[in-house]
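Hello,

Here is the structure I promised to pass on to you. My notes on it follow below; have a look at the model first, and then see what you make of them.

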Amino acid sequence: MGAGGRMAVPTSNSVEQEKPLKRVPCSKPPFTLGEVKKAVPPHCFERSLIHSFSCVVYDLSIAFLLYYISTSYFHLLPHPFPYVAWPIYWALQGCNLTGVWVIAHECGHHAFSDYQWVDDTVGLILHSSLLVPYFSWKHSHRRHHSNTGSLERDEVFVPKPKSQVGWYSKYLNNPPGRLLTLVITLTLGWPLYLAFNVSGRPYDRFACHYDPYGPIYSDRERLQIFISDVGLLAMTSFLYRVVLAKGFAWLVNVYVIPLLIVNAFLVMITYLQHTHITLPHYDSSEWDWLRGALATMDRDYGVLNKVFHNITDTHVAHHLFSTMPHYHAMEATKAIKPVLGEYYNFDGTPFYKAVWREARECHYVEPDEGDANKGVFWYRNEY
């Protein structure tokens, strides 16, 4: 494993074992992207419109089934069983809709089909239904993939050097402070990022995913940002009509709370993919695309790996080959491991433990004292 430490690595009998801390290599790898690609069976790069649509139909069928059961039968349950049934529905629907989110994300990478217009149409519909500006996020996320691990140009969860950390951070470096930070991050992190670029890269002026004329986008992308906004307005109008017909409480139970769970998982998944005490970040003197793409972490979410279409445990392969459909990513990951060697990173720590640990250990980044590689930055938590 490229990353070790207090990392729980599943064994053949599913017993977790502790491994000593070992940083991810930060030197230029002894292989090229082309060599890694040659190790992947060619069919893994083939996109099937039928297979991709079958995943959409499967997820939406489960979503409708959960909706039908909750709205048709929960009110018939004797007291206090509805108070148990609704949280179960929220959890199941939130996880299932996270899978829908992942498929829309795949559309943004042109990994859904061989037809760009199909990918964009499906992605726009699915993401708009989850109140995500499809094209806006597609373009900023593409820049994240182009600049992963760069302290100057990466788009999201860009760590700060110690000199730029807020004065209040050291007062949050305790269990209550970490809990408060995590709660705010998981509940408000996604809308704050979209609306105010919180945790994103700095721009020379206000950056917002809803603004077609914002600094995030080029002139040729602005029309698509307008289309994203129209998609959100259409979904908002639909939700308003639902409130008029069913009431706000009904909408909160059926849609809003599952959506909050989707947003929480989205933020957590992204955070854990790019935040680990063993992962390096680079300034412009050291960064290159391949090393940045390799500075990501595969994680284990148990049964949710399948629910989330393996975006969680095949993220390294996804950063290397972002147009590869998710249903080939497991096979590709297995194929590239021997080539990547210690450059492949996996942490089998349960995600609910991992998110707490990373919040405790990963506060800011600094280069090692006395290290000749001053452009390589590592996470720290001491103040």
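The largest cavity holds about 110 Å³ of space. A cavity here is a set of points, on a 1 Å grid over the protein atoms alone, where a 1.4 Å probe fits but cannot get out, whereas a pocket is an open set with protein on both sides within 12 Å along at least five of seven lines; lining residues have an atom within 4 Å of a point. Grid points are joined across faces, edges and corners, and a volume is the space filled by probe spheres set on the points.

Before going further, please keep in mind that this is a predicted model, where local features need pLDDT of at least 70 and side-chain atom pairs count only at pLDDT 80 or more, while totals for chains, interfaces and linings use all residues. Residues are numbered from 1 along each chain as its sequence is written, and side-chain values use heavy atoms, with hydrogens and water left out.

Back to the largest cavity: 16 residues line it, and Glu106, His318, Met324, His326 and Ala329 lie nearest its centre. Helix 3 (82-108) and helix 11 (315-320) each supply at least two residues of this lining, and helix 3 gives the most, with 3 residues. Helices, for the record, are DSSP runs of H or I with at least four residues, and strands are runs of E with at least two, numbered from the N terminus. The lining has 8 nonpolar, 7 polar and 1 charged residues, counting Ala, Val, Leu, Ile, Met, Phe, Trp, Tyr, Cys and Pro as nonpolar, Asp, Glu, Lys and Arg as charged, and the others, Gly among them, as polar.

The search of the whole structure finds 2 cavities of 30 Å³ or more. The second largest cavity has about 60 Å³ of space, and its lining includes Thr148, Asp154, Phe157, His274 and His281.

Residues in contact (heavy atoms within 4.5 Å) include Leu60, Ala63 and Tyr67 in helix 2 and Tyr89, Leu97 and Val100 in helix 3. By class, this contact divides into 13 nonpolar, 4 polar and 1 charged residues.

With helix 5 (134-146), the picture is another one. The axes of helix 3 and helix 5 come within 9 Å and cross at roughly 65°, which makes helix 3 roughly perpendicular to helix 5. Trp101, Ala104, His105, Cys107 and Gly108 in helix 3 meet Tyr134, Trp137, Lys138 and His141 in helix 5.

The second largest pocket has about 520 Å³ of space. Ala63, Tyr67, Leu97, Val254 and Tyr255 are the closest to its centre among its 20 lining residues, and the lining has 18 nonpolar, 2 polar and no charged residues.

Two backbone details to finish. The peptide bond from His79 to Pro80 is cis, with omega near 5°, and Pro80 lies in the loop between helix 2 and helix 3. Leu131 has a positive phi of about 60° although it is not a glycine.

Best wishes

Notes. Axes are lines fitted to C-alpha atoms, for helices over the stretch in contact, and angles run from 0 to 180 degrees between N-to-C directions. Angles under 35 degrees count as roughly parallel, over 145 as roughly antiparallel, 65 to 115 as roughly perpendicular and the rest as oblique.
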